[in-house]
Amino acid sequence: MTDLSEPPVESRGRQWRGDELIIVRQRQHAFGAAVLSVLVNVCILNFFVEHVDEVVIDSFSISVLTAILLTAMVSALSQFEHRVSHYFGRHSGVAWRIAGFLTVWGILFLGKFLILEVVDLVFGDHVELGHLLEVILLVLAILIVQRLMAAFYTRLGQRWGDGEDDPPTRSLAI
């Protein structure tokens, strides 16, 4: 059995812990990313609850459920926007570019109303995300922080110095 307190060591794109190769599957990576996204969204939501009077959530438990719903909705809207953008990007010409820009802008703008309506349908009076401006700022904060977290995660995976990995350290838990 492998000692889990010993961190993995990367060697040529593979992670080793002692004598065992550690393989992270795509499902595991997606799950970790989703959990991180929900946790970030809980923090952002509760930050808005604390500092913006128009944003009201009755309890922490409801804020966690709201964060899960927002994570799913922002992800779905983002994927849809990327597909539409990719569709218009395959075509050339000014008319296609203008149509693509207007369509993507419409998706992003109208998506905020969709988020408001779905949150209202699911949670009713228990969650009030404010007016359009607060929802736009909330979604922008979510997207910006998620991008920053992704950039930080990527940076942590890069090599340090002259092709050397950062030195292994002991961790208490994994």
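1. Helix α3 covers residues 94-123, and at 1.5 Å a residue its 30 residues should span 44 Å; the end C-alpha atoms are 43 Å apart, which agrees. The expected span of a helix is taken as 1.5 Å times one less than its number of residues. Helices (H or I, at least four residues) and strands (E, at least two) are DSSP runs, numbered from the N terminus. The model is predicted: local features need pLDDT of at least 70, side-chain atom pairs count only at pLDDT 80 or more, and totals for chains, interfaces and linings use all residues. Residues are numbered from 1 along each chain as its sequence is written, and side-chain values use heavy atoms, with hydrogens and water left out.

2. α3 has a kink of about 25°, centred on Gly 111. The bend at a residue is the angle between axes fitted to the seven residues ending there and the seven starting there. After α3 comes Gly 124, with a positive phi near 60°.

3. Gly 111 is also among the buried residues of α3, which include Gly 100, Val 104, Gly 106, Ile 107 and Lys 112. Further along α3, Ile 115, Leu 116, Val 119 and Phe 123 are buried as well. Buried means under 20% relative accessible area, exposed over 50%, and partly exposed in between (1.4 Å probe, protein chains only). The cover over the buried residues of α3 includes α2 (60-89), β5 (127-129) and α4 (132-156).

4. The axes of α3 and α4 come within 10 Å and cross at roughly 105°. The two helices are therefore roughly perpendicular to each other. On the α3 side the contact is made by Phe 109, Lys 112, Phe 113, Ile 115 and Leu 116, and on the α4 side by Leu 132, Val 135, Ile 136 and Val 139. Contact means heavy atoms within 4.5 Å. Axes are lines fitted to C-alpha atoms, for helices over the stretch in contact, and angles run from 0 to 180 degrees between N-to-C directions. Angles under 35 degrees count as roughly parallel, over 145 as roughly antiparallel, 65 to 115 as roughly perpendicular and the rest as oblique.

5. Two residues of α2 can be checked individually. Met 73 lies in α2 and is buried, with a relative accessible area of 10%. Leaving out residues up to four places away in sequence, Met 73 touches Leu 114, Ile 115 and Val 118. Met 73 and Gly 111 are 38 residues apart along the chain, with their C-alpha atoms separated by 8.9 Å. Thr 66, also placed in α2, is buried at a relative accessible area of 0%. With the sequence neighbours up to four places away not counted, Thr 66 touches Leu 45, Phe 123 and Val 127.

6. Helix α1 (residues 26-51) has 26 residues and reaches 37 Å from its first C-alpha to its last, close to the 38 Å expected. Its buried residues are Ser 37, Val 38, Val 40, Asn 41, Val 42, Ile 44, Leu 45 and Phe 48. They pack against β4 (55-57), α2, β5 and α4. Leu 137 of α4 is 89 residues from Phe 48 in sequence and 9.5 Å from it in space, C-alpha to C-alpha. Leu 137 is partly exposed, at a relative accessible area of 42%.

7. For the chain as a whole, four helices and five strands are assigned, in the order β-β-β-α-β-α-α-β-α from the N terminus. Of the 174 residues, 25% count as buried.
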